[in-house]
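Subject: A structure for you to look at

Hi there,

Here is the structure I promised to pass on. Please open it next to this email and follow along as you read.

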Amino acid sequence: MSRELSIAVVGYGTAGQAAALMLSGDGHRVEAFERAPQPRPVGAGFLLQPTGLEVLWELGLLDAALAHGARIGRLYGETGAARPVMDMRYTELEPRLFGLGLQRGALFSLLDRAWTAGRAIRAGCAIVAVDPREGRLTDADGHRHGPYDLVLVADGSGSSLRGQVAPARYDRPYPWGAQWCLVEMGAWPWPAELRQRYRQARCMAGMLPVGTHPDDPVPRASFFWSVPAAALDDAAWPGEPAWRAEVGALWPEAGERLGATQVPHGLARARYRDAVHARWHAGRAALIGDAAHAMSPQLGQGVNMALLDARVLRDALRTHADVERALAHWQRARLAHVRVYQRWSRWLTPLFQSELDLAARLRDWTFHPLTRIPGLRDQSLRVLTGTRLGWFGTFALAPAFLDALAATAAPAPAAAYTGPVEAGGAP
Ligand SMILES: Cc1cc2nc3c(=O)[nH]c(=O)nc-3n(C[C@H](O)[C@H](O)[C@H](O)COP(=O)(O)OP(=O)(O)OC[C@H]3O[C@@H](n4cnc5c(N)ncnc54)[C@H](O)[C@@H]3O)c2cc1C
C-alpha cells in the first residue's frame, strides 16, 4: 500500500462516488465536492454490463444490485415493420453472463450508503477552477480549497473544468439527444430484454427494464426517445397529442405503457458529447469518467467505464508511490478499453440517430444477417457487452466473478405490484 494521500473529488456522480468509496477504503483522506445542494442521481436508467458488475462484485455490492436491478439477457432491436436489426444474447458469448438494468437512483444509493468510513461531502459547492500544479480548487464563492495530493475531476460529460486539467483534442456535442422517463413495468411483455424500435435513423425508441429503487418497490422500465438536439428546446415541443401519436405509431406497446406519464414535464432531456483528451492528467489533477472521455450512450458503456476508471486508479495508487507516475500508469491501463468504445459509439450513433436514410437502410439490411455469422457474432457481442479491449483483444473478467454470477440464480419474475403508482417521471 502506498502512503496516505489527501484527495479531492469534484462531482459526486458515478465516477466521483466510486472513486471516493474505493480510495477511502484504501485509507486515503477523501473530500468530495458536489455542486447540487442535495447530491442525487442524474440521468436515465441504464444498463450495467458484466464489466461494471464485476466492479460492484469486488466492492461487495453485487447482491444488493441484483436485488434491485432487472436481469437483461437479450438486446433486441427491430424496425417499425418488425424486421430484426439486432438480436444478441449474452449467453451466446458466455453462459453465465447477463446485463443488469438499474435505476440511476438505485446505483447512487448503493454507492452512497457504502461510503461510511472517512465520508466527507461538501454539497452545494460548485468548483470553478482547478490548479493542477498546486492541487488546489476554487469554488463559485471564491473560497480556495487544498492543497491536495491529488484532485480528481469527475464533473461529467458537460465538464466545465476539463480544459483546466488538459486540453481536449476535441470536445463537441452530438447533434442528437434524447428524452427519457421511468414508467411502471406493469405487464410489459419483455421483462428481461433491452428492446428498441427504429424508423430509419430519424426515429428510435427504447425500453429497458430497470427494476426497483431502495425507497420505491414499483418495478420500472426506462423509456428512451431519440430526438435532434434542437428539438429538446421547449419551443420545439410538438404538443402532447402529436408526441403520443408519433410514439404510438412507431411502437404501440410503448405508447400504451406511457399512458400515465405526464408529458412533456415527466420527460427528462439528455444531450451528449464526444470529448477526447490525449492526456487525462496533469500535475496532481486527473479527469475521470465522462469528464475524461464523454461518449454517446449508443453502446451503453459510460457508467461501466466510470466504475472501471475508479478501480484501475485505486490499483495504480497502490503500486506507485508517486502520484504522477500512478496517473500515467492508470491512463495507459484504461486507454485501450475506452478508445475503442469512443470510436464505435462515434461510428454507430449516426446509424441510429441522424437523417442519414440510406445508411439506416443499409443497417436494416445488413446488421442482423452479419451478426449471425459465427465469427462476427462473437465480435459484436464483445462490443455490446463491454468486453472488447482494443480492436481484437478481450477484457478479461475474473473467473471467481463469473462463478459468482452463476451462483446468483435468477429469481422468479416479480408478482405484479398492485400498490399506488406515481406517474413515471424523472427519479
Ligand atoms: C440517455 C442516456 C442513457 C445512458 N445509458 C447508459 C447505459 O445504459 N449504460 C451506461 O453505462 N451508461 C449510460 N449512459 C452514460 C452514463 O450516464 C454516463 O457515462 C455516466 O453517468 C458518467 O458518470 P460521471 O460520474 O462521469 O458523470 P455524471 O454522472 O454526469 O456526474 C457528474 C457530477 O458532477 C457534478 N458537477 C458538475 N459540475 C460540477 C462542478 N463544477 N462542481 C461540483 N460538481 C459538479 C454534477 O452535478 C454530477 O453530480 C447514458 C447516458 C445518457 C445521457
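Before we start, one term: helices (H or I, at least four residues) and strands (E, at least two) are DSSP runs, numbered from the N terminus. With that in hand, you can find Gln 298 in the loop between α8 (290-293) and α9 (302-319).

Some ground rules come next. This is a predicted model, in which local features need pLDDT of at least 70 and side-chain atom pairs count only at pLDDT 80 or more, while totals for chains, interfaces and linings use all residues. Residues are numbered from 1 along each chain as its sequence is written, and side-chain values use heavy atoms, with hydrogens and water left out.

**Loops**

Let us stay with Gln 298. Its relative accessible area is 17%, so Gln 298 is buried (buried means under 20% relative accessible area, exposed over 50%, and partly exposed in between, with a 1.4 Å probe and protein chains only). Not counting residues up to four places away in sequence, Gln 298 touches Met 204, Leu 348, Thr 349, Phe 352 and Gln 353, where contact means heavy atoms within 4.5 Å.

Ser 354 sits in another loop, the one between α10 (323-352) and α11 (357-370). Ser 354 has a relative accessible area of 7% and is therefore buried. Its side chain reaches the backbone nitrogen of Leu 356 at 3.0 Å. That is a polar contact: a pair of N or O atoms within 3.5 Å, where within protein one must be able to donate a hydrogen and the other to accept it, and residues adjacent in sequence count only if both atoms are side-chain atoms. Leaving out residues up to four places away in sequence, Ser 354 also touches Trp 176, Ala 201 and Arg 202.

Then have a look at Leu 397, in the loop between β21 (393-394) and α13 (399-407). Leu 397 counts as buried because its relative accessibility is 15%. Pro 50 is 347 residues away along the chain, yet the C-alpha atoms of Leu 397 and Pro 50 are separated by 8.0 Å. Apart from neighbours within four places in sequence, the contacts of Leu 397 include Pro 50, Thr 51, Glu 54 and Leu 97.

Thr 91 is at 45% relative accessibility, so Thr 91 counts as partly exposed. Thr 91 and Val 227 are 136 residues apart in sequence and 32 Å apart in space, C-alpha to C-alpha.

**Backbone details**

Which peptide bond is cis, with omega near 10°? Look at the bond from Gly 146 to Pro 147; Pro 147 is in the loop between β11 (144-145) and β12 (150-153).

Ala 82 is not a glycine, but has a positive phi of about 65°. You will find Ala 82 in the loop between β5 (74-79) and β6, partly exposed at 46% relative accessibility. Gln 200, in the loop between β14 (193-199) and β15 (203-213), has a positive phi too, near 45°. Gln 200 is partly exposed because its relative accessible area is 29%.

**Inside the protein**

In soluble globular proteins, nonpolar side chains tend to be buried together. Here the largest nonpolar core has 103 residues, and those touching the most other members include Leu 48, Leu 137 and Trp 330. Such a core is a set of buried Ala, Val, Leu, Ile, Met, Phe, Trp, Tyr and Cys residues joined through side-chain atoms within 4.5 Å. A second, separate core of 21 residues includes Cys 181, Phe 223, Trp 243 and Trp 251. Cys 181 belongs to strand β13 (residues 168-184) and is buried, since its relative accessible area is 0%.

Helix α4 (residues 104-114) is mostly covered, with 9 of its 11 residues buried. Among them are Leu 107, Phe 108 and Leu 111.

How many residues of each class line the largest cavity? There are 5 nonpolar, 1 polar and 3 charged residues in the lining (Ala, Val, Leu, Ile, Met, Phe, Trp, Tyr, Cys and Pro count as nonpolar, Asp, Glu, Lys and Arg as charged, and the others, Gly among them, as polar). Trp 237 and Arg 269 are among the lining residues.

Enjoy exploring!

Best wishes

Technical notes: On a 1 Å grid over the protein atoms alone, a cavity is a set of points where a 1.4 Å probe fits but cannot get out, and a pocket is an open set with protein on both sides within 12 Å along at least five of seven lines; lining residues have an atom within 4 Å of a point.
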